Amino acid sequence: MQAAVLEEKEKLELKDIPKPIPEEGEILIEVKSCAICGTDIKVFHHGHKHIHFPRVTGHEVSGIIVALGKNVEEYQKGERVAVAPAIPCGKCYYCRRGIEAMCENLTAIGYHYDGGFAQFMKVPRLAVSNGCVNPIPENLSFQEASLAEPLACVINGQELSKTGLGDTVAIIGAGPIGCFHAELARIKGAKKVILVEISSARLEKAKFTGSDVYINSGKENLPQRVLEETKGRGADKVIVAVGSKKAQEDSLKIVAKCGILNFFGGLPKEDTIINFDSNLLHYGEFYVVGTHGSAPRHNQLALDILAAGKIDAKAYITEKFCLSEIKKGLKMAEDKKGLKIIIQP
Ligand SMILES: [Zn+2]
Ligand SMILES: [Zn+2]
């Protein structure tokens, strides 16, 4: 089968490799869509502690089940499925407490196992038995369904942010994740959604989200503008959906008293220390949380939201490429041209 194999950092090669054979408890899917994620670009340049080369990456995957290993009873050949890449063990302290996203033995497709930038992908036994394989609702295309994974992470983030009725929510970053946050905040009952972005082109594209206020932080003073929009109080919920120290530092100044600030975007690992005026927290009595993944149930919720048409995944799909054009796709995603780029192996 054809696969884009990451041989080492920055060496991605299209190769013919053996088609995987599903063992007991495993599933083989023919990949129909694998969306490019920001972390695919990070991994391409810098590798990842859980990736041993050579590795097929890609973790936002949907496809058709084409073969089943022994003792797989809940699935059938021909079924259309979306795969949640983060695989909880189901047994550790956190899994037992229902916090699978924090599993101590978490493994992931595209990291520990080969992922979706290939014609076929094997789904490991624990992923099959722990609810990572979700049937795609009839009215969703493979491309739309492959966006369930990033949306799942956004749903997990807003559970932790406790977004709810009447909230004013400020989101910094209007990439695909920021746009999902803006739309989900509205679904959860936010009264006012403020979307902040440093690139004028991205901000312009983000207008489909129906946010109430768009702030260009490249031209306007971010803390000052958010305070103006919130009668000086700041936003009840602030979500930083970019990996930027400046954005994190600014965000501390725009949380309302007793609000919740979420560091959703991670910082590059060599530069993670920010300036934090701890008195802002002392007097503001706000909460700071972070988010970095999702559990299988968030992926199911994401598919439900997309299928119900509450968020239109089509609005997020900028371009589709075949596997041989993957480098073009990665470059386009890296240059932040548009929102989601889809690879169709
Ligand atoms: Zn992703
Ligand atoms: Zn676990």
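Which residue just after H1 takes a positive phi?

Mentor: Happy to walk through it with you. This is a predicted model, in which local features need pLDDT of at least 70, side-chain atom pairs count only at pLDDT 80 or more, and totals for chains, interfaces and linings use all residues. Residues are numbered from 1 along each chain as its sequence is written, while chains are lettered from A and ligands numbered from 1 in the order in which they are written.

The residue you ask about is Gly47, with a phi of about 70 degrees, just after H1. Helices (H or I, at least four residues) and strands (E, at least two) are DSSP runs, numbered from the N terminus.

Now for the helix itself. H1 spans residues 38-46, and Asp40, Val43 and Phe44 are buried in it. These three lie on the same side of H1 because they cover an arc of only 105 degrees around the axis, the arc being that of the directions from the helix axis to the C-beta atoms. A residue is buried if 20 or more other C-beta atoms lie within 10 Å of its own, exposed if 12 or fewer, and partly exposed in between, with C-beta atoms placed from the backbone. On the face of H1 turned away from the buried side you will find the exposed residues His45 and His46.

What lies over the buried side? The cover of the buried residues of H1 includes strand S1 (2-8), strand S2 (11-16) and helix H12 (326-334). Two packed helices are described by the angle between their axes and the distance between the axes. For H1 and H12, the angle is about 110 degrees and the axes are 10 Å apart. Here axes are lines fitted to C-alpha atoms, for helices over the stretch in contact, and angles run from 0 to 180 degrees between N-to-C directions. H1 and H12 are therefore roughly perpendicular to each other; angles under 35 degrees count as roughly parallel, over 145 as roughly antiparallel, 65 to 115 as roughly perpendicular and the rest as oblique. Asp40, Ile41 and Phe44 of H1 make the contact with Leu330, Ala333 and Glu334 of H12, where two residues are in contact if their C-beta atoms, placed from the backbone, lie within 7 Å.

The loop between H1 and strand S4 (60-68) holds Pro54, which is joined to Phe53 by a cis peptide bond with omega about -5 degrees. The loop between H12 and strand S17 (340-344) contains Lys336, whose phi is near 55 degrees, a positive value in a residue other than glycine. Lys336 is partly exposed, with 13 other C-beta atoms within 10 Å.

One last stop is Glu149, in helix H5 (residues 148-161). Glu149 counts as buried because it has 27 C-beta neighbours inside 10 Å. The residues touched by Glu149 are His59, Glu60, Ala84, Pro85 and Asn299, not counting residues up to four places away in sequence. Glu149 and Cys37 are 112 residues apart in sequence, yet 9.7 Å apart in space, C-alpha to C-alpha. The loop between H5 and strand S10 (168-172) holds Lys162, where phi is again positive, near 55 degrees, in a residue other than glycine.
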